[in-house]
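Subject: Structure for your review

Dear colleague,

I am handing over the structure below, and I would be grateful if you could read the notes that follow with the coordinates open beside them.

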Amino acid sequence: MALNAGNGSSQQQLVIVLDFGAQYSQLIARRIRECKVYCEILPFDTPLDDLLARKPVGIVFSGGPSSVYEENAPSCDPKLFECGIPILGICYGMQLMAHQLGGEVAPGERREFGKTELDVLDGSDIFAGLNPELICWMSHGDAVQSPPPGFNVTARTMNTPVAAMSNPERKLYGVQFHPEVVHTPWGIETIRNFLYKVCDCQGLWTMGSFVQQATERIRNEVGDKSIICGLSGGIDSATVAALVHRAVGDQLTCIFVDHGLLRLDEGTKVRETFEGFFKIKLIYADSEERFLTRLAGVTDPERKRIIIGEEFIRVFEEKSSCLPQVDFLAQGTLYPDVIESGTRSAAKIKTHHNVGGLPENMNLKLVEPLRNLFKDEVRALAEELGLPTDMVWRQPFPGPGLAIRILGEVTKERLDILREADAVVVEEIKRAGLYRHVWQGFAVLAPIKSVGVMGDQRTYENTVILRAVTSEDAMTADWARLPYEVLERISNRVINEVNGINRVVFDISSKPPATIEWE
């Protein structure tokens, strides 16, 4: 179930992001939402009539990896520029605008990647209120050499003569830099100026309005039928359960599948929370043996995800067979899950169990009210719904659980080792007061044994990898600079308290090029 503007007052405040294939196009949407303006992301080749039917107050062209001169380069209907809708082109989006309207685009003499000094020539419109000398983030090879007729050059860099351009009369704007990334610290001000000064947005979209609109959509979708929600104990499924329960009440039954891949004592905590705090009907499915049997001998991470995704659905279907007229399954799919599993415009990074891992022959219709939200937006939504603070700020945990934090075969013995090591990591990060500052901190069990010395005796035991990252949205992440004393306590405790471990190593890779999870 896609996120739509619904029938509320924010329907007239819709901004559309046309996706031209950038891996991080959703960051543009995220910044727009931070400005309290609702937006949707659509493919670049969405028919013009479909775009106009949505009555957007503004359109943003994303960046992309193509050159406007490539054969079959992504483009839009040129008539879009004649509709009077404000348009902001970013990077490739600006180049496309210039190319289609008669400007000159060519490979730059020097490519620009990274932080770049920007000289603002016109401080009105999208640059209003900003310092004329700014630092921006560039990532391009081609560049606009001369703007289309009727356009003004509003910013430049040392290597890019047209770093921004505008035609205020036609409400057409372009920037070569990327205002959506955190490396352009004032970039959101550019986006906000476009939204409020050019598109006349009023900032009507909030989590309160989202709850109202999503609740209405869920009611219309589900009707008087029964719906089940798969709980994992994480914030995503918990938020979906609370939202769906608000929409349809006792028509919802939650199914908690304990696949044996959970963290230490997690199953007990989940049951206590939902049966006690939420008073939501809960079916507990002890399926550890079933999942471990399916995973026996499997070492390929993609195969693990597919097996777990399919088995989840089969358990849901079996458990729901005793409920009256169950037609729907609610799940906490987020946008990072979708984009990493591959979309029409972006390459697949890895299959998420709740996206690419779903079986083709499903008997249940999916309800996914969070599908276009980022993790920080989900947390804001959870607070709006009144979820407990410790649940709202619990670090993300993947649906496949510890199966993708065990490299190689998943066995009961290896799971028990990892569970204990992971519990130490989380406990020490909390003890140091860093839990809210670290996006995710966890242990990974490697299929590597090494020689050690314990009690004057030789050991040949397993290696645990400590993974800790900082992030805003899970689309990009940097390794967390944990204090040495925290690393020391984690290492000492894991080696001393967890049987079968004699070495702890620290992963200092960022995303990209690595991913947060190891599989």
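A crossing of two helices is called right-handed if the near helix is turned clockwise from the far one by less than a right angle, and left-handed if the turn is anticlockwise. Please keep in mind throughout that this is a predicted model.

By that convention, the crossing of α8 and α9 is right-handed. The axes of α8 (residues 288-295) and α9 (residues 301-320) come within 10 Å and cross at roughly 145 degrees. On the α8 side, the contact is made by Arg 290, Phe 291, Arg 294 and Leu 295, which meet a set of α9 residues including Ile 307, Ile 308, Glu 311, Phe 312 and Val 315. The residues of this contact divide into six nonpolar and eight charged, with no polar ones.

The other part of my notes concerns an open sheet of five strands, whose order is β12-β11-β10-β13-β14 and whose pairing is parallel. Its edge strands, each pairing on one side only, are β12 (282-286) and β14 (365-367), and the twist from one strand to the next averages 30 degrees. Between β11 (residues 252-258) and β12 there are five bridges in the parallel sense, and Val 257 has Ala 285 in β12 as its bridge partner.

Key
Residues numbered from 1 in each chain as written. Predicted model: local features only at pLDDT ≥ 70, side-chain atom pairs only at ≥ 80, totals over all residues. Heavy atoms only, no water. Axes fitted to C-alpha atoms, helices over the stretch in contact; angles between N-to-C directions. Helix = DSSP H or I, 4+ residues; strand = E, 2+ residues; numbered from the N terminus. Contact = heavy atoms within 4.5 Å. Nonpolar A, V, L, I, M, F, W, Y, C, P; charged D, E, K, R; others polar. Pairing = 2+ DSSP bridges.
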